[in-house]
Amino acid sequence: MGEDSKTIEVLVIGRACVDYISVVERFPLVNTKVPLKMRLVEGGGQGATSSCCIARLGGEVSYIGRIGDDEEGRICLNRLRQCGVDTALVEIVKGGLTPVAYVFVTRATGERTIIYERSLIPPVNLTPRVKMLLERSRVLLLDPQVTGLAGELKSVSGLPVVVYDCERWREGMEDMMALADYFIPSSEFLNDAGDKVAGSLIADRILSLADMVAGTLVVTDGDNGAYYIDEGRLYQVLPPRVAIRDTTGAGDNFHAAFALAISRGMALPEAVRFSVAVATLSCRDYGGRAGIPDFDEAMQTAGTLAARRIGQ
């Protein structure tokens with residue numbers, strides 16, 4: 001089988017940036033100083049990090065995105081290639097500025113604070129080449145930066161299964177809610193949606209949001225694991241016990257693992273357990289990528305997890 005006809009397990013479209021990571025004992029208060037314990041530079045961005053995770057798990061993954069012809073762009077591209085990601089459709093924009101993010105990690109807890117730069121590079125277009133790749137892909141993973149593609153994608157025939165990494169409410173969200181087969185926000189989105197989502201308890205707000213989504217809803221919730229709805233019932237999967245160093249990229253790695261799991265035919269409960277395992281294990285090291293497990297370790301850890309039903 002030639003390269004142009006090879007099946008892609010997951011096609012990822014989204015953001016690439018560079019993360020400048022600083023590890024501190026505590027995040028400083030205004031007008032104070034704290035010593036730096038450690039620093040590193042890593043590729044970031046939801047789409048790019050998800051792509052690296054899929055490759056680390058042994059998946060066939062292609063990444064589509066735009067970066068600048070600057071040093072940060074070269075870092076992004078090199079890290080993607082080092083991870084084994086197909087970058088044939090990464091577009092290098094002449095004169096473009098690759099966005100950066102400054103990540104401050106609290107050493108004791110692994111919690112992170114991110115100051116990110118919005119990308120000034122124009123978003124990806126659905127070119128004939130991109131549409132050809134869609135036909136060869138089992139799953140399409142879209143990150144928040146390309147939410148606006150939903151309007152175009154809904155008219156594309158032969159679309160693969162669509163998994164959407166939802167960050168916050170933005171333009172085009174209604175189209176994405178109608179398009180995505182799997183709509184996966186964090187629990188923060190439930191608050192960001194305001195009065196669009198009803199209820200005071202997280203379970204009530206998840207069920208309310210589910211009524212707005214055409215596909216299947218899965219909600220990530222940090223150290224509370226993830227929630228999903230199966231046959232009208234709400235379930236929670238708690239994470240495994242892992243020594244947490246850095247939670248940077250945990251959400252990206254959850255979406256990556258979920259997309260790969262669906263591409264390989266896992267049922268929803270198994271896919272969520274697998275994704276919780278991958279996301280949690282990825283927090284073992286700094287930077288969002290170094291701690292990602294291989295497929296066998298992820299499956300072994302997922303096998304120790306169980307879903308518990310929430311409510312009646």
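**View 1. Ser275 within helix α9 of the predicted model.** Ser275 lies in helix α9, which covers residues 268–281; helices (H or I, at least four residues) and strands (E, at least two) are DSSP runs numbered from the N terminus. This is a predicted model, in which local features need pLDDT of at least 70 and side-chain atom pairs count only at pLDDT 80 or more, whereas totals for chains, interfaces and linings use all residues. Residues are numbered from 1 along each chain as its sequence is written, and side-chain values use heavy atoms, with hydrogens and water left out. Because its relative accessible area is 0%, Ser275 is buried (buried means under 20% relative accessible area, exposed over 50%, and partly exposed in between, with a 1.4 Å probe and protein chains only). Leaving aside residues up to four places away in sequence, Ser275 touches Phe254, Ala257 and Phe258; contact means heavy atoms within 4.5 Å. Ala307 is 32 residues from Ser275 along the chain, and the C-alpha atoms of the two are separated by 13 Å.

**View 2. Phe274 and the largest nonpolar core.** The largest nonpolar core has 51 residues, and those with the most contacts inside it are Phe258, Val272 and Phe274. Such a core is a set of buried Ala, Val, Leu, Ile, Met, Phe, Trp, Tyr and Cys residues joined through side-chain atoms within 4.5 Å. When residues up to four places away in sequence are not counted, the residues touched by Phe274 include Leu57, Ala261, Met266, Phe295 and Met299. A second, separate core has 40 residues, among them Leu11, Leu134, Ala150 and Leu234.

**View 3. Ser208 in helix α7.** Helix α7, spanning residues 202–210, contains Ser208. Ser208 counts as buried because its relative accessibility is 17%. Apart from residues up to four places away in sequence, Ser208 touches Lys196, Val197 and Ala198.

**View 4. The whole protein as the setting of the close-ups.** The protein has 10 helices and 14 strands. Of its 312 residues, 53% count as buried. The C-alpha trace spans about 50 × 50 × 40 Å along its principal axes. Among contacts between residues at least 6 apart in sequence, 66% join residues at least 24 apart.
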